[in-house]
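Good morning, and thank you for making time for this presentation. Please look at the sequence and the structure as they come up, and I shall then go through selected parts.

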Amino acid sequence: MNTTTPSLNSAPSRSTGPHGPRSPRRSRQWAAGARLGVHLALRARSWITLAVVLCTAVGTVSLVAALSMPHIIGERTARAEARSPYHQLQENDQPAADQVSFGQRSGSWNGEPVTRILLSVPDNPATPLPPGLSQWPRPGQTIVSPALRTALDAGKPDRVRDQFGQVIGTVTEPGLLHPDENLAYVAIAPDVPATGLTPIDGFGRLPDTTDYGSFGDVPQLSGPIRTLLTVATVAICVPLAMLVLGSSALMRERRRRTLASLDLLGVPARTVRLITTAEVVLVAVAGWAVGVLATTPLLRAAATWPPEPAAWFPSDVAWQGGPALATMGFFVLAAIVTALRTTDRLRTHRAPRHLARLAPLTAGVGILAGIAAYPWAPDAQPRGWVIYLGIAALVLAVTGLAWAGPVLVRAVGIRLARRNTPWLALGSGRLAADPHTGTLGALAITLAVAASGVVGAITGQIAYIDTELYRTDPTRSATTISTQDLPAVREALPASATALTPVTVTHIRTRNGSTHPLTNDPFLDLTVNVMVGDCKNYLTLVGQDPTRCAQGTVSLQPSPFPNPLPQGGSIDLALRQTDTASGRPLRFPLPGQVLRHEALPGVAGTALGADLSLLVDEEAWEQAGGPPLHAGTVLLSTRDANTATVRAQALAADPAAEVQSDAAAYSERLQRTGHYRGWFTSAAIVTLGVATAFVLVSALTTLIERRRVHAYLGIVGVPPRALGRAWALYSILPVLILLPAAWLLTFLTDLGFDRLVRIPVRIDTAPYISGAATALLLTLLIQLIARTSTPREVPLDALRTRE
């Protein structure tokens, strides 16, 4: 019986199967190899190992945060659905006396958007309370969110009372989308006229899903915004993963020396790979564990950090097991593959295929360029596979950039090494001999610039999509008030306010008195938009001559589409469709000319609905015997009155009125995705921090090798000045080679997804400027470390240095 103690250099017999008599010996060899790998990781006494652990930890935090975005969106959407009202519809359904009526309005306070929920509450309501409320407010009372309560406490009491009445409580967390939401539940008297109020049976999901129901507005993210958020996630995760994987390369030199020693001792190749695997797995798991432990407190703290404070509740950013396990699996598997590739190079010497390493970068950039250059039709929507292809191309391009970086640097180094200039030949020759070590810092800079550039471009696109309609010129912006008590609101506002009331078209005649075909159009209300109001004020608002109102009617054409009404004919109008059956029709002449003008932008254009076809002066309406106008929309230019003052005056006259302004609408839509944009902006900042730490570690790691090379070249008589210039070239040249690739990647991603999500192509220069500034600062940091660590004399002790 063989009782020899198993050793690392005892090769297992090939004739012994996995279940043969010698399988325990093989198990002991594997256990011994694993113990040696763990011993090397724990007893290395190297700050490089600590740096790799910290890089992995920071990468874990950032990747888990980025991968948690679907959970964050889902939590906010779930709270929005929980407070969304429903109404079960039955045949011949009539509102019950104990039902609460619900309506949503937009508002503003000190320039910040406010969501106003109007409630008409009966004496004994049967409708259950919405989430976040402990009681129903009574008429004249309001329950507000904590953020709005803080803002109201700092305001003037009279102004608060005019807009919100008596504040009696605050909304708790289940009823808020985010901590800084401005929300107000305002109760009005049941006899106050208000449009858009619907009797409701409850909040959340219908108890019986087979019933029909009317639901409130759930703020879902649109398809283009979801696409751009996915692109931003990829732009953060892939470069960050490449940085963390690159950190394992910092241990390459020490690992090579250790494995060379084991090779000289005759340790089998399988055992060497086992030792290497155990070492890198322990380092990766240690970094992952530190990152996981720090994820929850850091994410909760990040919820209160700029640029978007108070954006998330603790439940939104709670620890997620799925992203954490996926991150661990990725780090461990990638570290093992990277380490095993290093051990294979000790055994086999295959001819490198440099051109093959350029294939992923070329393919990814080519696909992005094809998407950006393809002549998409203006009204055509790209298929889903095109969007996924663009995202896959971005992943391929970023991964290919990290893989092809050493190849590009080596090619340039070989060409420059042929020059006769000593310092140029030394620096470029060193890059050609060992491009992997020389490009570590440059790759970190390039990946950080690419990540921050793509995220900056994508967040700009998201902001543009949400606010495009309300990016108005301040000189043309307006405030709109929709009300059921038009006389009271008009009396409270300045004389320059324009009141408009939509009316119904009953008959259209041509110039010769025959019936116009539009009369029988089933979509007449959508084709022809007629309003009654202050004609002179309206023409002044749109920049036209108010004297055109002398005839009593004005035909308008505010868009490229022609006015559908016949010139010189006549039109019969009624205030409501039910008015056509009683009394004689109100007939008005149609002008012989059409007034063309620029359409009103922003909230004013939205309030008018379709293009205004005909405007009837209110004096002509009264002379024709028209009924009084009680409901309508009031337009007021922001140049004529302060928006906050107008809002207070209008709500004091009609608490159920809806007051909108371009500034408030812009802020409200900007806030819809502001938290997501802030989240990715913070992630991009963290990525820059990881890159900075990686650059520092890589620069400090090369100091020992640099001192050794400095000593060798100093002995043979190379001047210190030439050595300094050579090391400067060694640090700067890879950045200059790889940085244009990062800018090209940012440009193609920005341009391609601009066209895919159907927004005007707009290239923002800020990501490129910030990327150039980041690359310059990090490169100067590398140079500073190199200059301060370069000895003035030949460091002979460096020849005996061992790590």
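In which sense do strand 11 and strand 13 pair, and over how many bridges? Strand 11, residues 498-502, and strand 13, residues 530-533, pair in the antiparallel sense over 3 bridges. Within this pair, Thr501 stands opposite Val532 of strand 13.

A word on the source. This is a predicted model, in which local features need pLDDT of at least 70 and side-chain atom pairs count only at pLDDT 80 or more, while totals for chains, interfaces and linings use all residues. Residues are numbered from 1 along each chain as its sequence is written, and side-chain values use heavy atoms, with hydrogens and water left out.

As for terms, strands (E, at least two residues) and helices (H or I, at least four) are DSSP runs numbered from the N terminus, and two strands pair if DSSP finds at least two bridges between them.

Next, a pair of helices. The axes of helix 11 (residues 359-373) and helix 12 (residues 384-416) come within 7 Å and cross at roughly 145 degrees. Among the residues that meet are Leu361, Ile367 and Leu368 in helix 11, and Leu389, Ala397 and Trp403 in helix 12.

Finally, the disulfide, meaning a pair of cysteine sulfur atoms within 2.5 Å. The count comes to 1: Cys535 is joined to Cys549, with an S to S distance of 2.0 Å. Cys535 lies in helix 18 (residues 535-541) and Cys549 in the loop between helix 18 and strand 14 (553-557), so the pair ties together parts 14 residues apart in sequence. Are these cysteines buried or exposed? Cys535 is buried, at a relative accessible area of 0%, and Cys549 also counts as buried, at 8%; buried means under 20% relative accessible area, exposed over 50%, and partly exposed in between, with a 1.4 Å probe and protein chains only.

Notes. Axes fitted to C-alpha atoms, helices over the stretch in contact; angles between N-to-C directions. Contact = heavy atoms within 4.5 Å.
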